[in-house]
Structures are given as structure tokens and as C-alpha cells.
Amino acid sequence: MSTDTPRVLDLFAGPGGWSQGLRALGGREIGLEIDAAACATRNQAGHLTIRTDVAAYPTAPLTGKVVGLIGSAPCQPFSTAGLGAGHDDMHLCHQALDDLARGTDTRPLLHTACTDLRSLLVAEPLRYALGLHPEWVALEEVPAAQPLFEHMARILRTRGYSTWVGILNAADHGVPQTRRRAVLMASRTRTATPPEPTHAETAQPESLFGPGRLPWVSMAEAIGCPAGDVITRGNHTSGGTRFSTTAPAWALTGRARSWTLRVGNRPRSTRRTLDRPAPTLLFGHALNDVSWYDDHGTAVRRLSATEAAVLQGFPADYPWQGSRTKQFEQIGNAVPPPLATAILTGLGATNTATAGLEVAA
């Protein structure tokens, strides 16, 4: 990479959740991503990308060229939606962090002892942070990874960073989904503090203690009603109510009707009605089981990729690439862009330079 202007580096960049969040602030980044479909999506969305293995990419060529570091390592080892093998590898992840802090890279050796070969990827952001010493760092993972983030934070504080680690709910920042994620924020130039929520489950008026909060964004508000409507006005030429024939609707011919989104096919699967945000969207093995049900409990159809993207905080016209399965995989693994924007604002990413750079893959 050669440039006189430092840039933001996005590890495990995926389809561009962090990138969209940074773009909303007028910033640009370059992402490291290995998945071909995700790289294609990023390319179509205009996000700079190096297709590479984050764990194999050297930090030396990037020295002095990175002002900010963002990243979301693959969460499957620690996710409740996956096999959870990463929990068995947690002690190895902690050892990798300690070894990196001591300047010893034991990743190849520890990797051979891991139950899930992806587990140690959670340590990669620390390798880059220690090697590049950026002004700020922002990381996101499933809640189960919080102890690892707290470990990283302790190490970063010894390197002059102010840090914050905690759980954020995407719905508190305008995302129509109650997605809870562990977040690490670190800065060498300001005090790291979590972003103030802009939304709440119940609207909160402005008070002497701070600004008010809007109510959580519901699925109905986010998705809206596309073309292909039915107007229930009988033989009248005006009036009546407009309802979609293909999307969720509140009522039809005067009879109350509300669709429910169901994630999974087990009896205790999470269900949410349209007047609420979506639950955490889990795809992968559950891809065929994220579906709309009518008020009689009958499956109507599966969630579409566009609906899933909007519920994840992406624009409806985001240019997803790859097979249907790959598109859902990208959506479910991405950071919701509005949440990314909130986190990055608190770290001063609005000052990120927008000049281009050249990179040697």
C-alpha cells in the first residue's frame, strides 16, 4: 500500500456493513476479505477491497498508513446459531492475545489445537492494532466474545489507548432489529465512550438529563408496502385501504390481519409481529426457516433477501452478489450500517481522509 494519506482498514470486511457506516460519515476505507461473493458485492457497492486471507496478510507494508482499524471476525465459532466450538477454544484465543502482546506469534501452533479452525481469527484485530498502532479501533462480535474483547482492551490500554467494551443493541440506534453485539472501542486521541442511543423500546421525551429517544423502528416501518396492492373499497371509486398482495399487511377487507416473522423451525423459535423490530436474523443452517406466517400460524413465504437487507440496516437497492444462499450469508454476518455509523461517530471517524490509495495484494 502506498499513499501519503492514512486510511481506515477494514478486517473481514464482508459485504460492507462497516464500509456503509463509514461512508455515511464521508469516510472511505479499504477492506480485506477472502470470500469471492462478498468481494463482488463490495465491488458493486464501490468499496475498495483486497481479496486476501486476513490471517496471512502482513502488517509491515501498512505501517504508518492506517489511521483507523475496524473489523468483525467470523462469529460462527462463538455464535449460538453455529456449533459453538469456539467456546472450547476460548483458552487458546486468550493465549494468542497474551502471546501477541508479548511480541510472540504462536498462532500457527495454537491453530493446530483448535476445535474450530476459525476460532483464532478473533485475535487478528489485535495483531493489526499492535503492528500498526492506529489512532482508533472499532470491533464487533457476538456477545459471547465479550471476554476476549475485554482482554484486548486491557492490552490496548498498556499501549496508550482509552477503551470501552460492552453490549450494544442495534435497535437502540435505528436498526429495525434487536441485534445485540459485543463492541470494543479504543482511541489514542479521545476518551472512548459508547454511542448514545437515539431510539428506545418506548419513545422517551426530551428531559433535563438529555435529548429524547424515538421508538424502535418496526419491521412494518422499515419494509413498507411495495407495488402490487389490493384496494378494499368495493365498488367505490375512492377511499378504501391499500394492502399489498405480496408483502405483510395489517388488515384485509376489514378483518384484522398481522404477519409474524419466525426465525427457525423449532417450537420455541423466536417470533415477532410486524409492529416490532425483527429478532436477530440468523441464516446459515436456518436460511429456509426465516419466514413470514399469517395470523393463523400458516407459513406464507420465506423472507426475501431485500427484506433481510433492509432489516439489517442496508439500503433496499444494495447490490448483493452471489447465490441466494451467499447473499443471505453476507447479510446475516454484516454489521448493521447505522450501528457502525454510531460507533464510528464516537471515535471521530468523521475526520477520516477520503483520498485514494494503491495497494499491493
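Modeller: Start with pairing: two strands pair if DSSP finds at least two bridges between them. Helices (H or I, at least four residues) and strands (E, at least two) are DSSP runs, numbered from the N terminus. This is a predicted model: local features need pLDDT of at least 70, side-chain atom pairs count only at pLDDT 80 or more, and totals for chains, interfaces and linings use all residues. Residues are numbered from 1 along each chain as its sequence is written, and side-chain values use heavy atoms, with hydrogens and water left out.

Biologist: What makes strand 4 and strand 5 a pair?

Modeller: Strand 4 (residues 66-71) and strand 5 share four bridges, in the parallel sense. At least two are needed. One of the bridges joins Gly68 to Trp136 of strand 5. Strand 5 also pairs with strand 7 (residues 180-187), antiparallel, over six bridges. There, Glu140 has Val183 of strand 7 as its bridge partner.

Biologist: Why is strand 5 called largely enclosed?

Modeller: Buried means under 20% relative accessible area, exposed over 50%, partly exposed in between (1.4 Å probe, protein chains only). Six of the six residues of strand 5 (residues 136-141) are buried, so the rest of the structure largely encloses it. Trp136, Ala138 and Glu140 point one way, while Val137, Leu139 and Glu141 point the other way. In a regular strand, side chains alternate between the two faces of the sheet.

Biologist: How do you know whether Glu29 is buried or exposed?

Modeller: Its relative accessible area is 1%, so Glu29 is buried. Glu29 is found in strand 2. Its side chain makes a polar contact of 2.7 Å with that of Ser19. A polar contact is a pair of N or O atoms within 3.5 Å; within protein, one must be able to donate a hydrogen and the other to accept it, and residues adjacent in sequence count only if both atoms are side-chain atoms. Beyond four places in sequence, Glu29 has contacts (heavy atoms within 4.5 Å) that include Arg7, Asp10, Arg42 and His47.

Biologist: Why does Ala222 count as partly exposed?

Modeller: Ala222 has 25% relative accessibility, so it falls in the partly exposed class. Ala222 is found in helix 7 (residues 219-223). Leaving out residues up to four places away, Ala222 touches Pro176, Val217, Val310 and Leu311.

Biologist: Which rule decides an aromatic pair?

Modeller: Rings of Phe, Tyr and Trp (its six-membered ring) pair if their centres lie within 6.5 Å; planes under 30 degrees apart count as stacked, over 60 as edge-to-face and the rest as tilted. This rule gives four aromatic pairs. Phe314 and Trp320 have ring centres 4.9 Å apart and planes at 70 degrees, so they are edge-to-face. Both Phe314 and Trp320 are buried. Phe314, Tyr318 and Trp320 form one aromatic cluster.

Biologist: What does helix 2 pack against?

Modeller: Its buried residues pack against partners including strand 1 (7-11), helix 1 (17-23) and helix 9 (324-333). Ala37, Cys39 and Arg42 are among those buried in helix 2 (residues 36-45).
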